Amino acid sequence: MSRKMHLALFAQGVGVAQSVWRSPRTSPERMHGLAHWAEVAATAERGRFDAIFVADALNLSPAIATDATDRPDPVAVLSALSAVTGRIGLIGTSSTTYNDPFTVARQFATLDHLSNGRAGWNVVTTAIPAAAQNYGSARLPDHEDRYARGEEFVDVVKALWDGWDADAVVADRESGRWTDGTKIHRIDHHGDFFDVAGPLTIPRSPQGQIPLAQAGSSPTGMKLGARVADLVFTTQHSLDEAIDFANGMRALTAAAGRPENAVRVLPGITPIIGETDKAARDLAVELGSLIDEQTTLKFLNQAFGDIDLTRFDLDEPFPDLRESLPGNAGVSRPKLFTEIALREGLTVRRLAQRIGLSIGHRTVVGSADTVADDLQRWFDSGAADGFIVLPADLPVGLEDFVDNVVPRLQRRGLLRTHYAGHTLRDHIDEC
């Protein structure tokens, strides 16, 4: 079987572009209701995406005055979508910094049962200082401490999922026996961060081990992804850097004792599609005109560890902040944004505009053929096993991609035309 692309949809409100709710292409009054989410998920399923991915934030964005960045609970949204979709995977974010392993293990095991094996957990170590204040802490833990806790957290969750053997439920009506107690196990975990007895209160998930996604691109984050993840979401802007990242992930995965292709590497893209390249560029300008640079900078402050970016002159070159990041800041994202600005000579305004359209991911602007050619080039080069698609606007931006780019990829033999399996793990394991 020839190698196929893996596609995941990043679904956020009415799209990732800053203030896109102002565009006539969106209907923001619908974005909190199930009908909106169901329409988006159905479109992605029609496009034979592996999964729909709902990210999370544990604090209200400082850009909320002008940008629709409110975030519902991912597990609740995905649980509702499990009832109105049939094949597409359902991946949600849950933080290892501000949760307990038992709760997360039970939530995603429940979602996996509700969806007949389509759940996935996106593992994050929260890097936003304001989130700490919502969970009783005055200060965000340092980067290394967050990952040490995250490593143990993942191990505990996986042990809890393994606490029920696949045949633990007997369900013998005649004898009245529901379970075989010898096949339900405590884990009795005692670590640096957690003491958890187990077992879970729900049987083993249909997939056994629920697939894990991970998005950390720092050295520490990459090592975690190589050890436990099935999907790695990443932000890369140049083909050469993407190839280096993908090869690095494969080497780390092999070093962790797994097959090097056990992790699917999915760079993020924001496709903006028109009937012609010019029409697509005009649409990008139209959506970009809604961006307020100061609002985007307020949003970015969080990634930079609450460094106040709004104090800089918008028309001066973006400063090199790599050596001045607080210890509790994220590592990969602020480093990436700074390096893009330095490499391309971007002003503060231009960087804010670039990030405001795609929350920092690569924007691919052009006709359907142009976009398909671009994705194929990255896929064929080994820079990507597929892509996480972040539409600038929803649902229209996704419909443009599914109705126009997906058929071209399918005709080229690069994307499935039907789902071969039923579970998220089936989709990920498919060539």
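1. Residues are numbered from 1 along each chain as its sequence is written. In this predicted model, local features need pLDDT of at least 70, side-chain atom pairs count only at pLDDT 80 or more, and totals for chains, interfaces and linings use all residues, while side-chain values use heavy atoms, with hydrogens and water left out.

2. Helix α12 spans residues 368-380 and helix α13 residues 396-411; the two pack at an angle of about 50 degrees, with axes 9 Å apart. This makes α12 oblique to α13 (angles under 35 degrees count as roughly parallel, over 145 as roughly antiparallel, 65 to 115 as roughly perpendicular and the rest as oblique).

3. On the α12 side, the contact (heavy atoms within 4.5 Å) is made by A368, D369, V371, A372 and L375, and on the α13 side by F401, N404, V405, R408 and L409. By class, 7 of these residues are nonpolar, 1 is polar and 2 are charged.

4. The count is 5 cavities of 30 Å³ or more. A cavity is a set of points on a 1 Å grid over the protein atoms alone where a 1.4 Å probe fits but cannot get out, and its lining residues have an atom within 4 Å of a point.

5. The largest cavity has a volume of about 100 Å³. Its lining includes Q12, D67, T296 and I355, and α9 (293-303) and α11 (348-358) each supply at least two lining residues.

6. The second largest cavity, of about 50 Å³, has W37, R71 and P72 among its lining residues. That lining divides into 6 nonpolar, 2 polar and 1 charged.

Methods: Axes are lines fitted to C-alpha atoms, for helices over the stretch in contact, and angles run from 0 to 180 degrees between N-to-C directions. Helices (H or I, at least four residues) and strands (E, at least two) are DSSP runs, numbered from the N terminus. Ala, Val, Leu, Ile, Met, Phe, Trp, Tyr, Cys and Pro count as nonpolar, Asp, Glu, Lys and Arg as charged, and the others, Gly among them, as polar. On a 1 Å grid over the protein atoms alone, a cavity is a set of points where a 1.4 Å probe fits but cannot get out, and a pocket is an open set with protein on both sides within 12 Å along at least five of seven lines; lining residues have an atom within 4 Å of a point. Grid points are joined across faces, edges and corners, and a volume is the space filled by probe spheres set on the points.
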